[in-house]
Amino acid sequence: MDKLFLGVDGLHAEKGVTTHYEREAILNRMMAEVAQQVMAVTASSKFGRMCLHKIIDLDEIDVLVTDTGADEAALEAV
């Protein structure tokens, strides 16, 4: 797999990329391990939010795609 577009429920500076669903986290983590490029796609409202199940750390994201509602402080935190 060359590119993984990963939709996320939570994007937290310390906890990383998270989701509410354990099975989704497991599958997404496996896909991220084999992908050459990981692109996280999320609404700015998910910044600072953390869910129960971790997918990956923030440093494993190659590209972050979000809407124009993300402020500078939130972007710098991630």
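The model is predicted, so local features need pLDDT of at least 70 and side-chain atom pairs count only at pLDDT 80 or more, whereas totals for chains, interfaces and linings use all residues. Residues are numbered from 1 along each chain as its sequence is written, and side-chain values use heavy atoms, with hydrogens and water left out. The protein chain has two helices and six strands, and its elements run β-β-β-α-β-β-β-α from the N terminus on. The radius of gyration of the protein chain is 12 Å, close to the 12 Å that the globule rule gives for 78 residues, so the chain is as compact as a globular protein of that length.

**Overall form**

- Helices (H or I, at least four residues) and strands (E, at least two) are DSSP runs, numbered from the N terminus.
- The radius of gyration is taken over C-alpha atoms, and the globule rule is 2.2 Å times the number of residues to the power 0.38.
- The C-alpha trace of the protein chain spans about 30 × 25 × 15 Å along its principal axes.
- Among contacts in the protein chain with a separation of 6 or more, 75% are accounted for by residues 24 or more positions apart; contact means heavy atoms within 4.5 Å.

**Strand pairing**

- Two strands pair if DSSP finds at least two bridges between them.
- Strand 1 (residues 3-7) pairs with strand 4 in the parallel sense over five bridges, and Leu-6 stands opposite Ala-40 in strand 4.
- Strand 2 (residues 10-12) and strand 3 (residues 16-19) pair in the antiparallel sense over three bridges.
- Strand 2 and strand 3 form a hairpin with three residues between them, and the bridge partner of His-12 in strand 3 is Gly-16.
- Strand 3 also pairs with strand 5 (residues 53-56), in the antiparallel sense and over three bridges; here Thr-19 stands opposite His-53 in strand 5.

**Buried residues and their contacts**

- Of the 78 residues of the protein chain, 38% count as buried; buried means under 20% relative accessible area, exposed over 50%, and partly exposed in between (1.4 Å probe, protein chains only).
- Asn-28 lies in helix 1 (residues 22-34) and counts as buried at 8% relative accessibility.
- Leaving aside residues up to four places away in sequence, Asn-28 touches Leu-4, Leu-6 and Ile-55.
- Ser-44 lies in the loop between strand 4 (37-41) and strand 5, and at 19% relative accessibility Ser-44 counts as buried.
- Beyond residues up to four places away in sequence, Ser-44 touches Thr-66, Asp-67, Gly-69 and Ala-70.
- Ser-44 and Asp-71 are 27 residues apart in sequence, with their C-alpha atoms 8.2 Å apart in space.

**Surface and salt bridge**

- The accessible surface of the protein chain comes to about 4900 Å², of which 50% belongs to carbon and sulfur atoms.
- Accessible areas come from the Shrake-Rupley method with a 1.4 Å probe; for residues, only the protein chains shown count as cover.
- Phe-5, Val-41 and Val-65 form a nonpolar patch on the surface, with about 260 Å² of accessible area together.
- Patches are made of residues with over 30% relative accessible area and no salt bridge: like charges are joined within 9 Å, and nonpolar side chains (Val, Leu, Ile, Met, Phe, Trp, Tyr) within 5 Å.
- The structure holds one salt bridge, a term for a side-chain nitrogen of Lys or Arg within 4 Å of a carboxyl oxygen of Asp or Glu.
- This salt bridge joins Asp-57 and Lys-54, with the closest N and O atoms 2.3 Å apart.
- Asp-57 is partly exposed at a relative accessible area of 31%, and Lys-54 counts as partly exposed at 35% relative accessibility.
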